[in-house]
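Here is a briefing on a structure. Look at the sequence and the coordinates first, then read on.

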Amino acid sequence: MPEQFIWGMEVFLNGLMAGVLYALVALGFVLIFKASGIFNFAQGVLALFAALTLVGIMEGQVPFSHLINAVFGTDVHYFGWNVPALGAILLTMVVMVALAWAVNQFIFRHLVGQEPIILFMATIGLAYFLEGFGDMMWGSDIKKLDVGLPQGINSAIDEVTYNIFGYGFFIDNLDLWATLVAALLVIALVLFAQFSKHGRAMRAVADDHQAALSVGISLKFIWVMVWSLAGFVALVAGIMWGTKSGVQFSLSLIALKALPVLMLGGFTSIPGAIVGGLIIGVGEKLFEFLIGAPYLGGATEIWFAYVLALVFLVFRPQGLFGEKIIERV
Amino acid sequence: MRQKLMTAAAVAMMAASPALAELTIVDTSYRTGPYAANGIPFSDGYQDYFTLLNERDGGIGGEMINLVECETGYNTEKGVECYEATKNAGDGALVYQPLSTGITYQLIPKATADGIPLHTMGYGRTSAKNGEVFKWVFNYPANYWDGASHAITHILNENGGDISGRKIALVYHNSAYGKEPIRTLENLAEKHGFELTLLPVDHPGQEQKSQWLQIRREKPDNVIMWGWGVMNQVAIQEAVNIRFPMDQFIGIWWSGSENDVKPAGDRADGYKALTFHNLGDDYPVYADIQEHVVDTGKAAGAGDQVGTVLYNRGMYAAMLAAEAVKTAQEMHGVTAISAAQMRDGMENLEMTEEKMAALGLPNFGPEFKVSCENHGGNGFGAVSQWDAEAGEFTLITDYYQSDQEIIGKLVAEDSAQFAEENGIEPGC
């Protein structure tokens, strides 16, 4: 088998894995957009805030320690204990639910019925506030995140592919775990949306706020629930990306990787986020491998992802899995 | 009557005293934003050293230092705003350390017009080394092109002086900053016969799978990195993942702080980075900083960065600024110097081992001498290596000089082009 083809297969598989990581970020956008029509600019910052909180809890860091020390002249930074990863994840989820409540109580409750652009701008404000709040709460140093997920080359895949092709494929263990977690997450979200009472209520709100209200569904509860779910998805994305790069403020920029996925997969479809992520991941990696690096000097992935999304957009504006909205006069 | 006499005496004393002048130093810091983790230690080191001089020595030459901090967020527009807002602070800013290549490029014409010197230590416009063209810009003790040459010289030294046929890859931030070493490396590749592969990484650099898969396929012998921010951490992590030997992986000095190796943990052990100053906190000056600055609650930050790589770099920059102030004071016979006199001090700065040892910083940086023609020092640098167990970078080489034959030619070409484009008549 030609060497180029074997390498291409490795690139294809790594593209799939990268796509899963993009999809994890995109899922948070989809959940909120689906239920409330809000394009949540703050989703990347939510992932950052969740990861910062997780590391802070795991390391027993005193929140707002710089502020406390400056005001009271103390020198406290850590409680002196460490919290196991699972416990810290659960505690972080409590924080994310509290944040979801606060976001709705103090911002979106007052903006019901406003134009989508107003809601979008509110999420921009929220993003910058959360970034500063996270900085004040947990500090801006780069933090190592280790929840026990394995990293590095998967030896079994390396060995098997070497025996077959004479070249061992590189697949990162962390990416395999991300794929597994994303699959479980999507299954759980789809089951929740299709078969649970609150999931059906969420879909009803997504279809028509007024109709949902008229049958007794609490808009406030549903929005808090959806923002909490988005917070959970952000936490998962934050864990995966934060394990790779450390938890730092650049983590909020992962949202940029989700935009072409949303354009391609549609803003309202959970499976669309996954399929969109996979297409973008594979597309950008194969383009870089076949054309970008050899002929264009490399670094083509970011812009090619948007070109790919634009091509899909031209032929299917609502995205691959998005709902076509027909408004009749 | 007694009260009137006391008032008159006080007024007479005030009239008799000389006006209280100050040496205004601006710290264009970035304590917020995506690069805050790097900006905080540098700014802490920069400010703490001046605070030490104020607290321990009563300033420089009897003049207190008026330290003005302005937050840029590592944003070029904000950096320019900071410059405009602070250039007339106090008796006028003496020197700027812009801390970003983008801000530096914007400030070069402004500072030149305003007559305020810039010190762009290890960043900025490399050809500013030519003082005949860039009269107000200094980039001692080393610049990017020196750095590229230091990396190659280190690889040469590790391989018995022969690297012909060797494969060397440059993983770089796909920006003006990241592209800085390319010309130098291409010239060095021609001279030494190694094969250079260029691997750009788009900003911010969170996803680098393609580049590291290519490295895994092409198996370069060495990888040089010109990264910044999250790109550094991800690159080191990916190198670990593909089992690239860490001791064959060398980063520029902006890719060589504790922040960069922390996420990869123990597996980053052996990673190398270039530097133009020494590391750690085993120097007498740190005891003074602890006593006069940290313990008295006057530290710029939380006091938890002392001795880190970037804290040392900030402190080193402050020390060089303070020594330039002293030189200017001696040259002009005044203590309250102006920005123009500060420029003279920078242009006549000479750092010797004797001077550094007297400051409590023995062997902290290379010896160098600045002149009207040469604003970049002698191009000395060293290699550091990450010791994961000890949790610190340590120097593994002495300071050595970059390839002056190649760098000199490139500096002359680039600065001549700048002079032509801007109608500057080079000369001293």
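The points below cover confidence, the domains, the chain interface and some backbone features.

This is a predicted model, in which local features need pLDDT of at least 70, side-chain atom pairs count only at pLDDT 80 or more, and totals for chains, interfaces and linings use all residues. Residues are numbered from 1 along each chain as its sequence is written, chains are lettered from A and ligands numbered from 1 in the order in which they are written, and side-chain values use heavy atoms, with hydrogens and water left out.

**Confidence**

- Chain B has an average pLDDT of 94, and 95% of its residues score at least 70. The score is the predictor's confidence in each residue, from 0 to 100.
- Residues 1–19 of chain B stay under 50 in pLDDT. For this stretch the model has zero contacts beyond four places in sequence; contact means heavy atoms within 4.5 Å.

**Domains of chain B**

- Chain B is assigned two domains: domain 1 (19–142 + 281–379 + 408–421) and domain 2 (144–275). Such bounds come from an automatic or database domain assignment.
- The centres of domain 1 and domain 2 of chain B, taken over C-alpha atoms, lie 28 Å apart. Domain 1 of chain B puts 24 residues into the contact, and domain 2 of chain B puts in 18.
- Between them, domain 1 and domain 2 of chain B bury about 2,000 Å², with 54% given by carbon and sulfur atoms. Buried area is the accessible area (1.4 Å probe) that two parts lose on being put together, summed over both.
- One salt bridge is counted between the two domains of chain B. The term stands for a side-chain nitrogen of Lys or Arg within 4 Å of a carboxyl oxygen of Asp or Glu.
- E413(B) and R183(B) pair their side chains in a salt bridge, at 2.6 Å from N to O.
- This domain interface of chain B also has 11 residue pairs in polar contact, both residues at pLDDT 80 or more. A polar contact is a pair of N or O atoms within 3.5 Å; within protein, one must be able to donate a hydrogen and the other to accept it, and residues adjacent in sequence count only if both atoms are side-chain atoms.
- On the domain 1 side, α2 (36–57), α4 (101–114), α12 (309–332) and α15 (404–421) of chain B each supply at least two residues. Helices (H or I, at least four residues) and strands (E, at least two) are DSSP runs, numbered from the N terminus.
- α15(B) gives the largest share of that side, five residues.
- By class, the domain 1 side holds 12 nonpolar, eight polar and four charged residues. Ala, Val, Leu, Ile, Met, Phe, Trp, Tyr, Cys and Pro count as nonpolar, Asp, Glu, Lys and Arg as charged, and the others, Gly among them, as polar.

**Chain B against chain A**

- Contact links 35 residues of chain B with 45 residues of chain A.
- The two chains bury about 3,300 Å² between them, 53% of it on carbon and sulfur atoms.
- Six salt bridges cross the interface of chain B and chain A. Over all chains, the structure holds 27.
- D172(A) and K209(B) form a salt bridge, with N and O 3.8 Å apart. D172(A) sits in the loop between α6 (155–165) and α7 (173–195) of chain A and K209(B) in helix α8 of chain B, so the pair joins two chains.
- Chain B and chain A share 12 residue pairs in polar contact, both residues at pLDDT 80 or more.
- α2, α8 (209–218) and α9 (230–241) of chain B each give at least two residues to the side that touches chain A. The largest share, seven residues, is from α8(B).
- That side of chain B comprises 13 nonpolar, 12 polar and 10 charged residues.

**Backbone features**

- Most residues other than glycine have a negative phi, and most peptide bonds are trans.
- Y140(B) and P141(B) are joined by a cis peptide bond, with omega about 5°. P141(B) lies in the loop between β4 (137–138) and α5 (144–158) of chain B.
- H203(B) and P204(B) are also joined by a cis peptide bond, with omega about 0°. P204(B) is in the loop between β6 (195–201) and α8 of chain B.
- F64(A) is not a glycine, yet has a positive phi of about 60°. F64(A) lies in the loop between α2 (43–58) and α3 (65–72) of chain A.
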